[in-house]
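User: I am new to this structure and would like to learn how to read it. Please take me through the ligand site and then the sheet.

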Amino acid sequence: MIRVQTKFTTNSHSSEGDNSLFARIADDIREKGYSINPSAMPAELIEPLYEHVVSMNAAKFTSAGIGRGEKYTHSKFVRTDEIAWIEGNSQAGRDWLDWTKTLQVYLNRRLLLGLFSFESHFSHYGIGDFYKRHKDAFRGEANRVLSVVLYLNPGWTVADGGELLLYPADDGAMDVSSKPAVHDAMECIKVTPLMGTLVLFLSEEFPHEVLPANRDRFAIAGWYRVNTSVSDRVDPPR
Ligand code: OGA
Ligand code: MN
C-alpha cells in the first residue's frame, strides 16, 4: 500500500526563483561537479508531479534494467526499483520537460556543456528496494553527461531510509587541471529523498547508490545527453 501524505511546503514559483536556482546549479556544477538543492523546485511543478506519480496505475511501471541498447539487462542484485518513462502524456510530465528544457538552455549558455537532449523516468522503490553503487555513464561512451534526480516524497524522515549516497568523484575521473581541491576532501554525501529536493551531478564522475527504503519512495531520474549520433549510426534507444 502506498502511504500518501498531502501536506508539504515548497518554494512558490517565480522566474526569479528559477533564475537564482539555475545560477546556483551552474556554479555548483562548475566548482564541485554536483549540486544538492533542498526544497528547490516550484510548488506548482512538483505538486502535480507528485499527484500524478502516486495515482499512476501500477501497470505503467516496469522493472528497471541496466545498460543501453543491446547491453540492456535486468539484475535484481543491482537494482529492484520500477520505472515509467516520462513521454509528455500528462500535463505534469509536459511541465517537467519544459522546465528541464529551460534549465538545459541556461546550463549550455553558462557552462558550454553542449547538452543536446534530455530523458527521464519516474521511479518507484517499494519497501526494501535498492539500487547498488553505480555510475550513470561510462567514460568514452559520452552519452549521459549530467544526471538529475528530483524527489517526490512529502514528510520523509531519517527513519524512512532510502537515502541517495553520492560517493566522491573517481580518482582520475576529472581532468587533473580542472579537478577542484574539494574532491580530495569530499566525503560520501547522504541525501534525504524529501519532496522538492533536486540533485544534479556529472554522470561520468560520481558513483552513487540508493539505500533500501522503509516506505514507498518516488523520484524522477533524468539525464542530459550530448549528441552521439554520427552520420551512419543513429544514437541507440534507451
Ligand atoms: C538512478 C539513480 C537515484 C535516486 O535512477 O540511476 O541513481 O536517488 N537514482 O533515486
Ligand atoms: Mn543512477
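User: By class, how many nonpolar, polar and charged residues does the shell around ligand 1 have?

Analyst: Note that the model is predicted. To read a shell, list the residues around the ligand and sort them by class. Here the shell around ligand 1 has seven nonpolar residues, two polar ones and three charged ones. Among the residues around ligand 1 are Arg79, Asp136, Val149, Leu164, Arg217 and Trp223.

User: Which side chains have a polar atom facing an oxygen atom of ligand 1, and at what distance?

Analyst: A polar contact is a pair of N or O atoms within 3.5 Å. For tyrosine 151, a side-chain N or O atom is 2.6 Å from an oxygen atom of ligand 1. For histidine 208 the distance is 2.9 Å, and for histidine 134 it is 3.2 Å.

User: How much of ligand 1 does the protein bury?

Analyst: Compare the ligand alone with the ligand in place. Ligand 1 taken alone exposes 290 Å², and the protein buries 98% of that. The space that ligand 1 takes is the largest cavity.

User: Which elements give two or more residues to the shell around ligand 1?

Analyst: They are β5 (131-134), β6 (144-151), β10 (208-210) and β11 (217-225). The largest share, three residues, comes from β11.

User: How many bridges join β3 to β4?

Analyst: Four bridges join β3 (residues 82-85) to β4 (residues 117-125), and these strands run antiparallel. Glutamate 82 stands opposite histidine 124 in β4.

Conventions. Residues numbered from 1 in each chain as written. Chains lettered and ligands numbered in written order. Predicted model: local features only at pLDDT ≥ 70, side-chain atom pairs only at ≥ 80, totals over all residues. Heavy atoms only, no water. Near = heavy atom within 4 Å. Polar contact = N/O pair within 3.5 Å; in protein donor to acceptor, adjacent residues only side chain to side chain. Areas by Shrake-Rupley, 256 points an atom, 1.4 Å probe, with all protein chains shown as cover. 1 Å grid on protein atoms, 1.4 Å probe; cavity = no way out; pocket = protein on both sides within 12 Å on 5 of 7 lines; lining within 4 Å. Sits in = over half its atoms within 2 Å of the grid points. Nonpolar A, V, L, I, M, F, W, Y, C, P; charged D, E, K, R; others polar. Pairing = 2+ DSSP bridges.
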